[in-house]
Number of protein chains: 4
Amino acid sequence: MFQTTLEPRFSETDILGHINNTVFPVWFEVARQDIFKLVHPTLTHNDWPMVVARIDIDFIRQTQYGSTVSINTYIARIGHKSFTVSHEAWQDSSLVAKGEAVLVWFNYTQECSCPIPEDICLLLKKHLQTAHNN
Amino acid sequence: MFQTTLEPRFSETDILGHINNTVFPVWFEVARQDIFKLVHPTLTHNDWPMVVARIDIDFIRQTQYGSTVSINTYIARIGHKSFTVSHEAWQDSSLVAKGEAVLVWFNYTQECSCPIPEDICLLLKKHLQTAHNN
Amino acid sequence: MFQTTLEPRFSETDILGHINNTVFPVWFEVARQDIFKLVHPTLTHNDWPMVVARIDIDFIRQTQYGSTVSINTYIARIGHKSFTVSHEAWQDSSLVAKGEAVLVWFNYTQECSCPIPEDICLLLKKHLQTAHNN
Amino acid sequence: MFQTTLEPRFSETDILGHINNTVFPVWFEVARQDIFKLVHPTLTHNDWPMVVARIDIDFIRQTQYGSTVSINTYIARIGHKSFTVSHEAWQDSSLVAKGEAVLVWFNYTQECSCPIPEDICLLLKKHLQTAHNN
């Protein structure tokens, strides 16, 4: 499991006084940075090997400015051409949001998906976590 | 059905040369503006009656800078305390992304959900569209 | 003079109930889209000819969600290797913010500035406006 | 002097392969968080005492994804009703951007500026730095 800690930004609040819902996909992408480094250590963009196929987020509680957010991230599924990343955001000991992202192994030059290489599968498997309790 | 047209912003692109996935929740919230006006015409924040409980987005094709995006939005479900909004984003005659948002009728002072008022239900029903073809 | 009209986005508000200051550089870049099209009509990124060297923004009044913003944009200065774009944002007949951006003619492959081509200068000159009244 | 360290976010890159210029006002506001805590320790929004009157940013080098950015922040000027914050962003031992923000002491209820209280002046003075070398 990967853990990312971040401080909500003032500009991420909205007029309702909480963190705007559109900020969570950004935070969860920040949390995937550890997975980016795992499967593509150079982080170079001209051979970037993934594309986002789907995201979903459940908002459980309002998230506040002024208190640290901690995001737990793990691999929830490894398929032939795609894998699923699972995120949980916690603030002040409460689960505030959780969500998933499906990443497809992707060749940007040919604009097509391709099988996840075996060595990458092995790396991902180390972080595979099929069940978890909230 | 509501239709929103927008021009991708330069700052919404990313290093992979397309529109970043985190932009779509923002665009879909822009598209819900018509629904905000429908159910809360004043748009005043101190009595804002909704909170986002869930979003999901499927990314179907890469979206490019320099070409207009059109978003079709309709009500997909009306429940007792929540309703679901459905969005489809089109660019150059292709469906590029689709997603849903679940909005809960919400009292921010008491921090609790409440039944959708009957007059609001009637307004929403006019835009209810249970099946659609892509 | 170019004119851009935009509707403040819900996600662009902040906890103080107004549009967050960091949104204006985004809006002003949106307003420069007309200048991008003027000097680089294809909008292709692999031969993008400019880089931002400086921005400044004066915030004159608070900007509100729920009311259209109109941005007037013109060329304020044309130099040898750079030019200055000037923006004014209006909401409800009030000037809410104004600012400038200095754009340098730039070769991204060689990572160096270069003289603005004469034909581009001529295009820019048509939109040059050295004095203006608020 | 305050120091903020941050990791550029994937969504903060743009199609030109660098960090988009509109991200720096966000980062500099993140860097001002230390000053917010200094002059308004509760961070509560209903008595937030400042408003941004002006920002300017000079972009010195392109900023890249994949390498940490460090922001040095200090008070550059303390006036009667406003003060100026100065920021420098460094990446890989190079100054990549620098900028200032003018913050006005502000009463949001009365919508007017007011003198900076003496105790706040004293706090700010401890971080006043009138000259610096790059």
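In E4(B), Ala89(B) is the bridge partner of Ile71(B). The structure is a predicted model, in which local features need pLDDT of at least 70, side-chain atom pairs count only at pLDDT 80 or more, and totals for chains, interfaces and linings use all residues. Residues are numbered from 1 along each chain as its sequence is written, and chains are lettered from A and ligands numbered from 1 in the order in which they are written.

The bridge between Ile71(B) and Ala89(B) belongs to a pairing of strand E3 (residues 69-78) and strand E4 (residues 82-91) of chain B, which run antiparallel and are joined by nine bridges. Strands are DSSP runs of E with at least two residues, helices are DSSP runs of H or I with at least four, and both are numbered from the N terminus; two strands pair if DSSP finds at least two bridges between them. Three residues separate E3(B) from E4(B) in a hairpin. E4(B) is also joined, by 10 bridges in the antiparallel sense, to strand E5 (residues 94-107) of chain B. Within that pairing, Lys98(B) in E5(B) has Glu88(B) opposite.

Chain A contains two helices and six strands, arranged from the N terminus on as β-α-β-β-β-β-β-α. With a radius of gyration of 16 Å, close to the 14 Å that the globule rule gives for 134 residues, chain A is as compact as a globular protein of that length; the radius is taken over C-alpha atoms, and the rule is 2.2 Å times the number of residues to the power 0.38. The C-alpha trace of chain A spans about 45 × 30 × 25 Å along its principal axes. Of the 134 residues of chain A, 39% count as buried, a residue being buried if 20 or more other C-beta atoms, placed from the backbone, lie within 10 Å of its own, exposed if 12 or fewer do, and partly exposed in between. Among the contacts in chain A with a separation of 6 or more, 66% involve residues 24 or more positions apart; a contact requires C-beta atoms, placed from the backbone, within 7 Å.

Gln3(A) is located in strand E1 (residues 2-6) of chain A. This residue counts as exposed because it has 12 C-beta neighbours inside 10 Å. Its contacts, leaving aside neighbours within four places in sequence, are with Ser70(A) and Asn72(A). Between Gln3(A) and Gln91(A) the C-alpha to C-alpha distance is 13 Å, and the two are 88 residues apart in sequence.

The largest nonpolar core comprises 65 residues, of which Phe24(A), Trp27(A), Ala89(A), Phe24(B), Trp27(B) and Ala89(B) touch the most other members. Helix H1 (residues 23-39) of chain A gives the most to this core, contributing eight residues. Such a core is a set of buried Ala, Val, Leu, Ile, Met, Phe, Trp, Tyr and Cys residues joined through C-beta atoms within 7 Å. Not counting residues up to four places away in sequence, Phe24(B) touches Ile57(B), Ala89(B), Ala97(B) and Gly99(B). A second, separate core has 64 residues, including Ile35(C), Met50(C), Val52(D) and Ile71(D).

Between chains A and B, 18 residues of chain A are in contact with 18 residues of chain B. H1 and strand E2 (50-59) of chain A each supply at least two residues of the chain A side, and the largest share, eight residues, comes from E2(A). By class, this side has 11 nonpolar, three polar and four charged residues; Ala, Val, Leu, Ile, Met, Phe, Trp, Tyr, Cys and Pro count as nonpolar, Asp, Glu, Lys and Arg as charged, and the others, Gly among them, as polar. E2(A) pairs with strand E2 (residues 50-59) of chain B in the antiparallel sense over five bridges. Ile57(B) in E2(B) has Ile55(A) opposite.

The contact between chains D and A takes 13 residues from each of these chains. Helix H1 (residues 23-31) of chain D provides the largest share of the chain D side that touches chain A, three residues. That side has five nonpolar, five polar and three charged residues.

Note on methods: Two residues are in contact if their C-beta atoms, placed from the backbone, lie within 7 Å.
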